[in-house]
Amino acid sequence: VYTCCSRASTVLPSDKHASTSFNDEAALEAEVNGNWTPQEKALHEARLKAKAKRRVRKSSSRSESLSESLSGELADGDSYSSKGKVPVPNDRKSRTGKGRGLPKKGGAGGKGVWGAAGMVYEVEEPDAKDPNYDEVAQGDTVYATVVPEVDERELEKTVNPIVREYFEHGDTKEVQMLLKELNLGHHKYEFSSLAVSLSLEGKASHRELTSRLLRDLVGKVLSDSDMARAFDKILKELPDLMLDTPEAPQMLGQFIARAIADHALPMAFLDRYKGKVDCDHARAALDRAAVLLSMKREMVRLDNVWGVGGGLRPVKHLVKEMNFLLKEYLVSGEVKEAERCLRDLEVPHFHHELVYEAVVMVLESKGDTAVKMCKLLQAFWKIGLITVDQMNRGFQRVYDELPEINLDVPHAHSIMESFTDLCYQESVITKQLRDSCPSRGRKRFVSEGDGGLIKN
């Protein structure tokens, strides 16, 4: 019995299945008998799991080989077709079914690769705009600054600040410099039309500055044809301009006449429109220009077409205009007309000259001149046209020059005292200004006991 058992327990290494079945049978028998230890039980479970994994691997490899054979038959010999093929990890071949399975770029791609083996490159011409362009090897390099052309939609936003700033400083050379930096392209003529349109909404001094600007731009930035094209556009837009400026036809006629007189527009500009104008407003503008040119035929330029206004005019012209304003008021007595003329001069910083000239006229004249001038100064004071600073400055100038005026007007001191009292009563000047008026004592007689001395 002992010998038979030992032989039965001996298992050859090559017979794995027999040993496995024997062990399983022994394990089952031991389980039935209930003689398993915990270590034997864990070892048994591990063996079962390993056995199940081996079965899964064998079945998957068999199904994969079967699918490859079927896909090869369906693709007519294309062994690289991916239809029905199970994806394999780390496979670099295309999974979309496209391509011949060859390397990318024929082996010429990849990092640090210059190209396919044996490839010969042709000689390339050097490009001056290439960042790697060798200036020493190729010669002198010429760099050109390219300014993009201003878009038509952005033209008005670009030009309006330039024109408005010019109305402040009045320097035409600065405008020329700014326009040369801009690339207006074929919209260059629209600068003139926009400048004229803005000046129509402004003051007389703005229109005078615009006429000077158009004169200085011709031949340097704009040509005669550009200027004529600009005025053609303004004539077409005249009905729209009249919505904001009802006097636009007359003003545009003055612009045209001034431009022709300044040689900014050709003389044949008006002749082109004879008998060809359908718009009544455009016809009125052209008629106004023709009348002005016929009246000023002997003059080289229509310098006074916009009147005398603005601080850019000479002081002599401003003084002359203020004298004329005061003399016209003394004759007519129209305060409103005098106010309009003073506003048109557009020199609020020079209103002290009007006060000075008015007081000097009172000292040099007779009659009711003092009452009229006091009424005029009172009206200007109430509406704020003449400020307290300008009023005090005008009277103080007369105070300083009173000894010289007294040489021509012997009773200047007494007239000045009475006029300052009248202005103080009408609330034109302050009490301090009235008290600062210089007074000169009269010459005493010997009988009065002071020896004929002048009273201090």
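## A cavity, defined

A cavity is a set of grid points where a 1.4 Å probe fits but cannot get out. Rolling a probe the size of a water molecule over the atoms shows where empty space is left. The structure here is a predicted model.

About 40 Å³ of space lies in the largest cavity.

Which residues line the largest cavity? They are L325, E328, Y329, S332, E334, E337, A338 and C341. Two elements give two or more residues each to this lining: α13 (315-332) and α14 (335-345). The biggest share comes from α13, with 4 residues. Sorted by class, the lining has 4 nonpolar, 1 polar and 3 charged residues.

## Helices α7 and α8

Two packed helices are described by the angle between their axes and the distance between the axes. Take helix α7 (residues 190-200) and helix α8 (residues 204-217). Their axes come within 8 Å and cross at roughly 165 degrees. Angles over 145 degrees count as roughly antiparallel, so α7 is roughly antiparallel to α8. The crossing of α7 with α8 is left-handed.

On the α7 side, the contact uses F191, S192, A195, V196, S199 and L200. Facing them in α8 are H206, R207, T210, L213, L214 and L217. By class, this contact holds 7 nonpolar, 4 polar and 1 charged residues.

## Helices α16 and α18

Helix α16 (residues 369-382) packs with helix α18 (residues 412-425). The angle is about 40 degrees, and the axes are 10 Å apart. How are α16 and α18 set relative to each other? They are oblique. Here α16 passes α18 in a right-handed crossing.

From α16, the residues A370, V371, M373, C374 and L377 take part in the contact. They meet F419, L422 and C423 in α18. The residues of this contact divide into 8 nonpolar, no polar and no charged.

## In brief

The α7 and α8 pair is roughly antiparallel, with a left-handed crossing. The α16 and α18 pair is oblique, with a right-handed crossing. The largest cavity has α13 and α14 in its lining.

Note on methods: Residues are numbered from 1 along each chain as its sequence is written. This is a predicted model: local features need pLDDT of at least 70, side-chain atom pairs count only at pLDDT 80 or more; totals for chains, interfaces and linings use all residues. Side-chain values use heavy atoms; hydrogens and water are left out. Axes are lines fitted to C-alpha atoms, for helices over the stretch in contact, and angles run from 0 to 180 degrees between N-to-C directions. Angles under 35 degrees count as roughly parallel, over 145 as roughly antiparallel, 65 to 115 as roughly perpendicular and the rest as oblique. A crossing is left-handed if the near helix is turned anticlockwise from the far one by less than a right angle, and right-handed if clockwise. Contact means heavy atoms within 4.5 Å. Ala, Val, Leu, Ile, Met, Phe, Trp, Tyr, Cys and Pro count as nonpolar, Asp, Glu, Lys and Arg as charged, and the others, Gly among them, as polar. On a 1 Å grid over the protein atoms alone, a cavity is a set of points where a 1.4 Å probe fits but cannot get out, and a pocket is an open set with protein on both sides within 12 Å along at least five of seven lines; lining residues have an atom within 4 Å of a point. Grid points are joined across faces, edges and corners, and a volume is the space filled by probe spheres set on the points.
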